[in-house]
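Please open the model in your viewer and keep the selection panel at hand.

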Amino acid sequence: MNATAETFYTLPNDFWQDANSVRQIVKQENSKVVSIGNGSKPKWLTPTTRRLFSILALDNNWDSYGAKRISDRVAGAVQDLLWQIMQKNTPAPQVVPSASGSIQLEWHLRGIDLEIEVESYTLAKVFFEDAQNEELTWEGDIDVDLTKLVHFINLLTNRVQQNTH
Amino acid sequence: MSDPIPSFKSPPLNEVVLGVQYDAIETFNIATYGLLWERFKDEFPNIEQQMPLEPQFEKIGGRPSFEGFRRFMIEQRSIPMPRAWFISDNKQDLVQIQPDRFIRNWRSINGEGNKYPRYERYMRDRFLKNLELLDSFYQETGLGKIQPNQCEISYVNHIDASCAHNNLSKTFVGWSDQYDISDLADIEDINLNIKHTIKSDAGDFLGRLHIKIMPAFKATDDSPIFLMELTVRGRPLGNELKDVINFMDLGRETIVRAFAKITTSEMHQVWERER
């Protein structure tokens with residue numbers, strides 16, 4: 001088939017209707033199915049992916065104040081980061097484009113505020129605050145060491161899980 | 001690491017790869033390849049084009065990333081720029097270039113009569129010379145400047161597997177003959193993938209050493225070999241080309257020392273270990 005890139009771009013919207021698709025793709029591409037668990041896709045995946053695609057559709061000057069178009073590379077960095085830090089049951093973040101071309105991920109849930117501004121594969125600006133434990137407040141840059149970010153995501157996920165049950 | 005770096009007179013080396021990944025040159029387009037080739041064609045008069053390589057980063061503290069999945073999902077929106085191969089006349093040397101990547105390869109062609117010309121005497125200087133040429137091209141044409149974000153060095157070895165792929169202990173010290181369930185089932189082949197983290201003296205994460213051992217067959221005579229690939233990948237400690245070379249020196253030393261440690265003294269005799 002002599003398909004264009006645009007054809008591939010529109011494919012995933014239908015693709016996500018199948019709950020097992022993630023597992024199949026991952027298995028086919030990388031054999032790393034273990035952290036997906038049970039064959040079902042993570043809760044955050046569909047809304048986050050759809051939102052990323054809608055952000056990618058924005059053109060230059062999308063805010064009418066000269067905002068930069070969001071690059072595939074930054075969206076790829078977001079996807080890459082989420083796969084590495086998120087748990088299966090972590091709530092989906094709000095995904096917000098910025099005028100400078102970065103993408104911000106935000107959670108404001110159960111007293112926890114977590115904001116991650118992804119600028120590239122190796123730079124994310126992070127703000128974390130927990131109303132229940134002010135000592136945990138942290139703001140800084142994350143590069144290749146994701147330990148702190150995984151810790152924040154785990155706290156958030158556990159907090160939401162506790163309040164759900 | 002004060003002991004001398006191990007050296008072999010006849011190492012089973014088939015390919016050496018030195019690569020640097022940098023922040024993508026945003027205005028790089030298809031015409032750029034033509035202009036670039038003008039700079040490289042005296043040394044590399046032949047051209048091929050390949051699919052582009054995905055961005056690759058060594059990170060720590062998270063789960064392994066799903067690179068294939070991400071590629072499918074996001075980075076299909078625009079037509080990808082190809083990766084150019086500029087190849088020398090004897091086919092042994094090549095450079096690979098795409099908007100965010102420069103790779104310099106030396107490879108053995110047809111196995112015989114082209115021994116690896118050595119890192120210090122050849123590969124290091126050629127890599128740096130070609131990288132500087134690329135960087136000066138970017139700067140002179142106003143496209144930008146190389147801002148390295150990852151470096152990678154790989155040594156690919158072709159190790160004779162004698163008659164079959166089921167006996168790794170002759171070559172590799174990490175495989176034990178105690179692994180024996182032959183009364184139940186025979187080993188057909190062995191495939192190993194080992195990752196090590198590399199840290200600075202201060203304990204900071206620098207990158208990883210990846211060791212892959214997989215069964216393969218020689219292209220020349222179809223005889224069984226183990227393909228042993230050692231790769232060091234990580235972030236250079238600065239943004240300058242000298243930082244890239246410093247990483248390559250560290251990576252090469254790590255690879256050569258690791259190779260000597262994980263292979264048997266019996267094979268060291270075959271490869272004529274000098275020190």
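Two residues are taken to be in contact if their C-beta atoms, placed from the backbone, lie within 7 Å. This is a predicted model, in which local features need pLDDT of at least 70 and side-chain atom pairs count only at pLDDT 80 or more, while totals for chains, interfaces and linings use all residues. Residues are numbered from 1 along each chain as its sequence is written, and chains are lettered from A and ligands numbered from 1 in the order in which they are written.

**Stop one: a single residue in chain B**

Select B:Glu152, which lies in strand β6 of chain B; helices (H or I, at least four residues) and strands (E, at least two) are DSSP runs, numbered from the N terminus. Leaving aside neighbours within four places in sequence, B:Glu152 is in contact with B:Gly19, B:Thr231 and B:Arg233. A residue is called buried if 20 or more other C-beta atoms lie within 10 Å of its own, exposed if 12 or fewer, and partly exposed in between, with C-beta atoms placed from the backbone. B:Glu152 has 22 other C-beta atoms within 10 Å and is therefore buried.

**Stop two: the whole of chain B**

Now widen the selection to chain B, which has five helices and nine strands, arranged along the sequence as β-α-β-α-β-β-β-α-β-β-β-β-α-α. The C-alpha atoms of chain B fill a box of roughly 65 × 45 × 40 Å along the principal axes. The radius of gyration, taken over C-alpha atoms, is compared here with a globule rule of 2.2 Å times the number of residues to the power 0.38; for 275 residues a compact globule would have a value near 19 Å, and the 20 Å of chain B agrees with this. Of these 275 residues, 31% count as buried. Among the contacts in chain B with a separation of 6 or more, 71% join residues 24 or more positions apart.

**Stop three: the sheet of chain B**

Select the strands of chain B, where two strands are said to pair if DSSP finds at least two bridges between them. Nine strands form an open sheet with antiparallel pairing, in the order β2-β3-β4-β5-β1-β6-β9-β8-β7. At the edges stand β2 (46–50) and β7 (192–199) of chain B, each with a single partner strand, so one side of each has no neighbour in the sheet. From one strand to the next the twist averages 15°, where axes are lines fitted to C-alpha atoms, for helices over the stretch in contact, and angles run from 0 to 180 degrees between N-to-C directions.

Show helix α1 (residues 30–40) of chain B next: it packs on the sheet, touching β2, β3 (83–87) and β4 of chain B, with its direction at about 20° to that of β3(B). Helix α4 (residues 241–262) of chain B also packs on the sheet, where it touches β1, β6 (148–160), β7, β8 (205–217) and β9 (224–234) of chain B and makes about 30° with the direction of β6(B).

Then select strand β5 (residues 101–107) of chain B, in which six of seven residues are buried. With strand β1 (residues 13–22) of chain B, β5(B) pairs in the antiparallel sense over seven bridges, and B:Glu15 stands opposite B:Arg107 of β5(B). With strand β4 (residues 93–98) of chain B, β5(B) pairs in the antiparallel sense over six bridges, and these two strands form a hairpin with two residues between them. In β5(B), B:Phe102 is the bridge partner of B:Ile97, and B:Arg104 that of B:Val95.

**Stop four: chain A**

Move to chain A, where five strands form an open, antiparallel sheet in the order β1-β2-β3-β4-β5. Strand β1(A) pairs with β2 (residues 103–109) of chain A in the antiparallel sense over four bridges, and A:Gln94 stands opposite A:Glu106 in β2(A). Helix α3 (residues 45–56) of chain A packs on this sheet, touching β1 and β2 of chain A, and its direction makes about 10° with that of β1(A).

Finish with helix α4 (residues 72–85) of chain A. Of its 14 residues, 12 are buried, so α4(A) is largely enclosed by the rest of the structure; among them are A:Val74, A:Asp80 and A:Trp83.
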